[in-house]
Amino acid sequence: MAQKADLLLTNALVLTMDEGFNQYEPGAVAVKGDSILAAGLEADLRKKFEARETLDCAGKVLMPGLVNAHTHVPMTLLRGLADDLRLDVWLMGYVMPVEREFVTPESVKLGTSIGCAEFIRSGITSFADMYYFESFVAEATATAGLRAVCGQTVLRFPAPDAQSYEDSLAATRDFIEKWLNHPLIVPAVSPHAPYTCTEEILRATAALAAEFDVPLHTHLAETAIEVDNARAEFGMPVIPYVKKQNLFEAKVLAAHCVHVDAGEINTLKHHGAGIAHNPSSNLKLASGAAPVAEMLKVGLNVGIGTDGAASNNDLDMFEEVRLAAFLSKFRTNDPTSLPAKTALLMATRLGAQALHIGQITGSLEAGKRADLILVDIDNVHNSPHFRRDPNGAYAQIVYAAKSTDVTDVMVNGKWLMQNRQLTTIKEEELLAEAADYAKEVDRFLIIREKSVISKLIAIGGATQEESFEVQVKVKVEDPAPVLSALKKRGVEVIYKRHYHEYDYYFVFDDPSNGQLRYREDEFLNDKGKTDHVRYRLTLVGEPHEREFPSDVMLSRSRYLAPANQSLRFYREYFQPNREIHIEKDRQRWLVRYKDTEFYVNLDRMDKPDLGYFLEVKSRTWSRRDAEHKSQLVVELAQFLGVSTAETEAREYVRIVEESK
Ligand SMILES: [Zn+2]
């Protein structure tokens, strides 16, 4: 007696992507409820099943839906926000500051719905996400009817949905408990990346994921800089470092892994980690080409991802699959290194395994969920068809077909698109909302980009610390008398430092922006060797805003920030109109003179080569106090045996200004 089925899809070229790579033509798939009953030759299935409904799929490929192994789906709202920048400038300078202002539960739902529409249109039935307010991503995804591994982001910076990492960890626990055992959503934990997390965060997130046996989705070894920094900071590359933090206690899905060596690939394999390869993102950000062929060789589950729409900028898996094949061929200089069949496998069954949902989706097999798509191959760019070599069918999908050839999409036994009509999402309304959102973000960035202060605040860490400095600066021919004067009674040395100072001044055409100084101090020990290095960023107001008698200069510094990023980062982010580079050897004393503390700096100017200068200065927080201190700095300078004649100080200003 025939078995009952809800739906029989017939007359298709069926690519099962199962272990045996079985193909059937004319083939059929029987569906009941949320699952696949069977895939096989149409003639066999017609005998075996009695279906309530039959769909003729003439001229189409019937295959498993594509698995997008790595994305940030709500970022469709930031598509085209900032492009052609280096990863750190793009992420720390633009994406994260905008996210801190604009990411809300509502925006996350809107961006997710738009992303899901794009996913469905390009034949994606499952995806692995990582974002903020992930419960709202899950909600919008479930409403759209797609399957997803949803990773709630945890990182060491304040995030749009959490003030601290402890908050986001607690929220992640609630999120997991809420979505566990949902038919479409698999909750996951997402420590953003080793460089945005602490050891403590990596350990805590791994423990949480292991506790609930849910995936841990993270970014690993994306850029060479990340690996260099890991080596410098932790003494080892990224994979051993995260292993040390017990990351692999969890079921890991690692995005990128562009810069990993053979040993690290083995470590990933040994711990059953899934890899998400993101060719467009890696190419666009010039991150490099991941050693995908090597990963596949050791049996790693490597999926393919689009990454977020802000770094790709589309969510087209057909494009990614093709690029994955091309990029591997290019990298290895070997056209056989990643055949179409393997590329398509990565985008289906292998991808599902990488997401740790391989038992329920990724191939057309009895018992798996009915996650499938129909691709129209009866058109100009898909003609003609060769059937001599079964690989021809995979090559057709990977090299010739386009995402717009996808006509029908089913997830969990439910149609999400039929004849190119979405059944769960109304696109027009969403696009109008997205347009309004973009206008607001644009307005925010236009204002921010006008001022250096707001750009500085946007990248975090800047603290407003308005202070004034009163100082005299005098050229000295011979430093010896100053050194001996410092030993005299009347002045007490509290401490002495010796360092090499490198100042990079960013100068802007609009003088009201002030100057931004990136300063690198190499502290020298008794033997003249570098002991440690300090990097600071100071936004200096317009220089010597007023002068007191005897040429005491008053200057104002407004913002001080530890410089966590590289000089190159700041240069690319702030884009100064001009740059000035000054280098000096500085001996600095903190002294007490007439019950007041002063800094005495003896500088040997190396670049430009100007000889020795003595600086006596005191910091003050009020202008009134500055008046009094200005007299004392002159006295102290005289005590140290230098004359503060007006001409000499002016001379310094003139020389330095000119050398700029
Ligand atoms: Zn990513």
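Colleague: What should I know before I start?

Modeller: The model is predicted, so local features need pLDDT of at least 70 and side-chain atom pairs count only at pLDDT 80 or more, while totals for chains, interfaces and linings use all residues. Residues are numbered from 1 along each chain as its sequence is written, and side-chain values use heavy atoms, with hydrogens and water left out.

Colleague: What counts as a salt bridge, and how many salt bridges are found in the whole structure?

Modeller: The rule asks for a side-chain nitrogen of Lys or Arg within 4 Å of a carboxyl oxygen of Asp or Glu. Searching the whole structure gives 35 salt bridges. One of them joins Glu50 and Lys4, at 3.1 Å from N to O. Glu50 sits in strand 4 (residues 49-56) and Lys4 in strand 1 (residues 3-15), 46 residues apart. Strands (E, at least two residues) and helices (H or I, at least four) are DSSP runs, numbered from the N terminus.

Colleague: Is Lys4 buried or exposed?

Modeller: Buried means under 20% relative accessible area, exposed over 50%, and partly exposed in between (1.4 Å probe, protein chains only). Lys4 has 53%, so Lys4 counts as exposed, and Glu50, at 44%, is partly exposed.

Colleague: Which residue forms a salt bridge with Glu25?

Modeller: That is Arg387, with the closest N and O atoms 2.9 Å apart. Glu25 lies in strand 2 (residues 23-32) and Arg387 in the loop between strand 14 (372-376) and helix 15 (391-400), so the pair ties together parts 362 residues apart in sequence.
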